[in-house]
Amino acid sequence: MKKNILFILSLIICLTEFSCKKDFLSKTDPTRVGANDFYKNEAELGQAVNGVYGQLQGIINNQWLYNELPSDNTTIDFNPGDRGQAPSIEAFEFWTVNSGTGNINSMYVSYYNALYNINNTLAKLNNATTISDSAKAGFKGQLEFLRGYYYFELTQYFGDVILITEPLEVPSKAWDYERAPQAEVYAQIETDLKDAASMLPAKYTIAADIGRITKGAALSLLGKVYLTEKKYTDAVTTLQQVPPLGYSLVPNYADVFDPQKKNGPESIFEVQYQGGNDLGEWSSFIYTFAPRLSAGAITGWPQSNPGGWNIPTNDMISTYEDGDKRKNASIGLDFKSPITGDVVPYIKKYDHPHSIYGRTDDDWPVLRYSDVLLMLAEAINEATGPTSEAEGYLNQVRNRAGLANISGLGKEAFRAKVLHERRVELAFENWRWFDLKRTQTPDQLTQFLNAYGAVEKANPTVTRQGTPYSSGDYVFQSYEVLYPIPSNEILVNAKLTQNDGYQ
Amino acid sequence: MSKILFHFLQQKNKVFLFMLSFFLASFSFAQQKITVSGNVITEKNAPLAGVSVNEKGSASGTATDAQGRFTIQVNKGATLIFSFVDYQPKQVVVNNESDVASISMVPTASSLGEVVVVGYGTQRKRNLTGAISTVDVSKLKDISSANVTRLLVGQAPGVTVKQTTGSPGREFQVTIRGTGSLGAGSAPLYVVDGFPVGTSIGQNLNPDDIKSITILKDAVSTAIYGARGSNGVVLITTKSAREGEVTLTATADYGIQNVPDSRKTKVLNGVEFAQFKKDAFMDKIRYFENREPTIDEVPLDYRYPEQTKYSTNWFNEILNQNAAYQNYNLALASGKGAIHSLVSAGFLNQEGTLINTGYKLYSARANIGGQVNKFITMGLNIDGSYSTQPQANATEGRDQIVGASLIMDPRAPVYNADGTYNNYIGGHDGVFGFYNPVQMLKEAAKNYTNTNAIANAFLEFTFLKNFKFKPSVNAGIYNASYKQFVPSTISGENAPAPRDASENDSYSNRINISTDQLLTFNKDFGDHHLDVLAGYTAQEETTKDLSGSGNQFPDDLVPYLNSAIIKSSGSDEYGWSMQAFFGRLNYSYKGRYLFSGTFRREGSSRFGTKNKWGDFPALSAGWRISDEPFMPKLSWLNDLKIRGSWGMTGNNNIGNYSSLSFMNSSNYVFDNNYVSGRVVSSFANAELGWEKSTQTDVGIDLSALDNHLTFTAEYYDRITSNMLLSIQLPAISGFTSTFGNVGKVQNKGLEFSAGYRQTINAFTVWGNANISFNRNKVLAIRGVNDEIRSGSFYSDFNVSKVGRPIGMIYGFKMMGIFQNQAEIDKWPTQDGAIPGVYKYWDADGNGVISYDNKDMVEIGNPWPKYTWGVTVGADFKNFDLSVIFVGAAHYDNFRNIEASTLNMDGVFNVLEVSKDRFRSEAQPGNGWVATTNTWKWERESNSRYVYDATHTWVKNISLGYTLPKSKLPINNLRVYISADNLFLFTKYPGNNPDVDSRGGINPGFDDEAYPVGRTFSIGANVTF
């Protein structure tokens, strides 16, 4: 009997051996890196910072929808046969965005997801002991810049927004936050950008760092923030620190967008992409922007099925002064619809030959030196009037475009001139909507847009082939200077308030 | 293997025959006594062993041996009583030996003496205190089934079995006592010969190998499976040799399958479609330009509809009518001697009702086991199978062949004049272009294979008289492969061939190992009976996947990745582990008071670090009132028992790593060089645990009229809480959702089942009927939020709201069709509406029908008020007949396909009923088919596409004939004819009211699935 029991015992041990391991019940996905064990050293913290940069691409890929399409710069290549995109994309063109508009929700979500990774990486950096102080400061500055940039965009879109600068310990804490007044948001942006400017280098000495955020980027954005806040003196003093950092305008305007000449002397901050390989970092803007029926005529790849979004308007096309070299570099007028025979204009800035279908190499310019020069002109004019310094900045930009100097304008006229110059210089670079919001009161903007809308409605840039407009199309109401908080967010957190005018 | 079996078979005559034969020497009463020998057989002429044979009023008695033989000495003229569990007792007056030469015994309807397989053991049915249904597989053997789950249809109360697709070989959808979970799935756990194989039985288990199926429904039965028990458990036992018999059984079944015309969706033919296009074109000018168009304005292609050259019914073209069904099985069983063994092999070949689809299964099984010595019993079971499935999973719905065949241009021929395929259907005059579905089915290779090997082994030690210890191991190896090659000749939707050919290959290997250690104690103390089980189990599963895809082939000749110019590949690995300690105690006093308690403590790798282990207790009690002395002895009542149970179970189907947070790739470029970056995937939740179900069950079992009638009624109330749900988070947290344990769902219901069996002379009738009422209700979801909505625009929606059933069909409520502009102006603003457009209800009353969810309401209830099943049969002499009816009443399906087949804008072919559409106020049509002038509101989820799917199926009729005993060396020969899915009675317009393509919390979705065929088959079953 004893023998039997011993035999049984040994059998139990033998059979259960596979389950006797101490960690039998702790399994993790072998194909992925666990978040718990990450952020251990400089290399991993660096990867986390790169990850934050990586999310920038996703945000920039769709930014035209929020920053350019609602403006007078662009419209759509209307598709009478497929109304599927009407609620999600066309709403931005026709100003019929509501709190349920899917792209409002997805935009909101993508910004706060990016902010989570910034906040989380900053928190991990603060506790990191295995990283040099200089590396830490560099990472911190880059992350703070991006946090400032995202909050700047968010507060332009929504006004008061929830301000969150730390990763949540537990998800339930998310219900504790309410929208912060815009002033607080600006204060945070200023703090972040000042801090970033103090820590970031003017230039990266190691080539492998080219494309990272610099001191110049932080100062330029801070200047833009001050300008938006109408803190003109601060804007001037901040922006004046940028030219000494060594930026210059490239002689040929089209070179600014040439993938062969990325991160040139005029570039202050651009979002990096890479085509021509399988690494997944390509851009594809031209596939979104080329006319719907252009197939390969513009992209160069016959199997293309382009989106026909963000089409330059008649209003935009006619706004260029005669002899402005930027017109040809910015807008293509060489494509005719095979159905109607009409010219369908398209944005040329991001149209360059590429070796693999669907994968372009074009970067996206966020901050350029010409933007800084025009901001300086604007800020000086607002602070002290159209001084010769202000004129000088404006004329630098005009001269490069092959246009004559301007002088002797009054403050109002100079302001209008700078705004016009910004429109053509920075066309389709996602600044027009904010420029319009910044330089006009909501009532002025309402009047302005409805006037533009009436013209576009009467004589659309791209024909609608008889499809009538809906009654709400191209009717702008002043509350629409802000986007609605996504209804989904209010559903989840009832404490969240909606912007006036929206349901 | 076969050598070993052969060896055992040779020992067959050695020992362990249950034979008790004694010859009473009679000296003193020789005059009055006679010695008689006889045979006891079943109604099917099989010998019945172990039958008690007693002389009435005397102590003398004996029992039959393995061949059913007995010899007894009795007084001449005495009455012999034959009794055996599950059989009606028989009394015979003995005058001479011929009176007992052949005693035929008939089973009772109730099988109270029957032993039922329960979790980790068996129990006498008489003593059950839980809700357990058994499926009498022997009654279902004629069904042409390629999957085991087919056998469950209509057989057990509380068990809903739906054939959601007619795709050959596919598992049916099985739900026990309602959908209990919003997030973790509601499929039961399947256990085959003690091996928990998961929430899917898979495709490869040969239905012919099944001996019995037991379904555990209430908590006291399922709690012993702990965190996998809450959706019920299906226990499947495979065949083994019968004691004392050596048999060779061969079965053959051959059938043909058809899709009856009544189950086809009717669309326009070529001429009608051209007319439709023409009218639509002209109506547009009439409406928008307010003038009469001239014939020359109509595009030439449909200017003269009567001249349309071709008319193709694409759905008919893709059908493979008279598809063959073949099933052959051979089993050799030896139940003689100490060691029993069985080997079987099967081949099943089911052609699909769509061309070039089908399912083939090759299976082999062997088990061997028995008493090694006084202390040790052992068993070994091996099952190997291989199946192939061409065109698997590539046929269902609008975006696949079946749906597309309804909406593609009927004016195109299948073949060109030169006999080649017309490879692009439509694609002109504003009609969408499609691949040729016939060519797709014939030329695009899409093949699944499954190769499984499953082995179980156990040893059982008997010691200290009442103790048994049984360690066992189970292992399953499952290999699956998929290979798809779409040649360049196949068009895409709106993309004419030639196109880039593509190849997709994948291979997965899953290994599942479990071990059980069971210690049992079993003893009677006078009137007290005690049954104790203590056990330990551990299980681990690991799956590895490898996949590759290729593009840009130089030609279509070599469909392998090697010849692709662009290739990509991937690999994956995932798994889980669990371990548990459990125990069960059954106690009964005089068989009158019954108690049972179980407990399981289980840990799972899927749960958060702070919540690894859970406890699952359950209790039950039963009271056999009929045995109480105070109960009057009623002649009609044989047995009456009431019982109740309560317990907690769990559901761990939340994905393997849901509690963890990972780093996702988010790469970037610096200085035109790729750099790797990482971002956080989600919140970790260390407290994530199992979903809990608490179930209370009360039942009554009775047996009456000499056990001819049995009846069971059951009430249950199951509350599932701590559901594993994705909780929506404010986006500012960084994420939109995280997994949490929240929410509550209730399923409560009533189940009734009755069985009847009566034999009058050579005529036996029998029947089983069951009906189930289940009500489910969401009691809570999350704190702030109170609904879960799933679905999307241009498709369906389901909504689960607090206080309402799970997954109600959701959308706009259609109030009619706008007849004129005045009506539109009076109605709340519905943007873009013109006469002929669906008129929707302004649910939120704000004066605007908004193009989002705000005006959507519940528009259909996908849950039947009741479901039922009736199986009736009759045996007359050598004939046997059985009929299975099943049905479900008062529930809705959402005909999502109608958003396409009633898409009136001319890009698709449309339903025949579209001829009766709205054309103008003067020609308003039937009142529910919209205008062709615009198309927007009609494509969204709305009440027009909701249909009552109440139905009755005559699921199977089988008629068999058993040949009388003859001189042939055949023990038993039975031939039969059988019809499966014979008649469907329903007003539902789709081809299958059981369709539920999405299941779970998205019930009732019908996007035109693979048609369910009707099968007629003939078969034979020979036993040597």
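Student: What makes β1(A) and strand β32 of chain B a pair of strands?

Tutor: In this predicted model, β1(A) and β32(B), residues 662-665, are joined by two bridges in the antiparallel sense. Pairing requires at least two bridges found by DSSP. The two strands therefore count as paired, with the number of bridges set against that cut-off. One bridge can be named: A:Val33 has B:Met663 as its partner in β32(B).

Student: How many residues does each chain bring to the contact?

Tutor: Chain A brings 66 residues and chain B brings 63 residues.

Student: Which elements of chain A give two or more residues to the side that touches chain B?

Tutor: They are α1 (2-20), β1 (33-34), α2 (42-67), α4 (102-127) and α18 (487-492). With eight residues, α1(A) gives the most to that side.

Student: What is the make-up by class of the side of chain A that touches chain B?

Tutor: There are 33 nonpolar, 24 polar and nine charged residues on that side of chain A. As for confidence in the complex, the predictor gives an ipTM of 0.93 and a pTM of 0.82.

Student: Why is the radius of gyration of chain A said to agree with that of a compact globule?

Tutor: The rule for a compact globule of 503 residues gives a value near 23 Å, and chain A has 26 Å, which agrees. Along the principal axes, the C-alpha atoms of chain A fill a box of roughly 110 × 55 × 50 Å.

Student: Into which domains is chain A divided?

Tutor: Domain 1 takes 39-214 + 443-503, and domain 2 takes 283-319 + 334-358. Their centres, taken over C-alpha atoms, are separated by 26 Å.

Student: How do you know that domain 1 of chain A and domain 2 of chain A are in contact?

Tutor: The test is again C-beta atoms within 7 Å, and 19 residues of domain 1 are in contact with 15 residues of domain 2. On the domain 1 side, β2 (74-75) and α17 (442-458) each supply at least two residues. Helix α17(A) gives the most there, with three residues. By class, this side of domain 1 has seven nonpolar, eight polar and four charged residues.

Student: What makes β53(B) a partner of strand β52 of chain B?

Tutor: Eleven antiparallel bridges join β52(B), residues 951-962, to β53(B), residues 972-986, and the requirement is at least two. Within this pair, B:Tyr961 is bridged to B:Val975 of β53(B). Strand β53(B) is also joined to β55(B), residues 1014-1023, by nine bridges, and these strands run antiparallel. There, B:Ala979 has B:Phe1016 as its bridge partner in β55(B).

Student: What pLDDT does chain B average, and where is it below 50?

Tutor: Chain B averages 88, and 95% of the residues score at least 70. Residues 1-31 of chain B are a stretch with pLDDT below 50, and beyond near neighbours in sequence this stretch has 40 contacts in the model. Since pLDDT is the predictor's confidence on a scale from 0 to 100, those contacts rest on residues given less than 50 on that scale.

Key. Residues numbered from 1 in each chain as written. Chains lettered and ligands numbered in written order. Predicted model: local features only at pLDDT ≥ 70, side-chain atom pairs only at ≥ 80, totals over all residues. Domains from an automatic or database assignment. Contact = placed C-beta atoms within 7 Å. Helix = DSSP H or I, 4+ residues; strand = E, 2+ residues; numbered from the N terminus. Nonpolar A, V, L, I, M, F, W, Y, C, P; charged D, E, K, R; others polar. Rg over C-alpha atoms; globule rule 2.2 N^0.38 Å.
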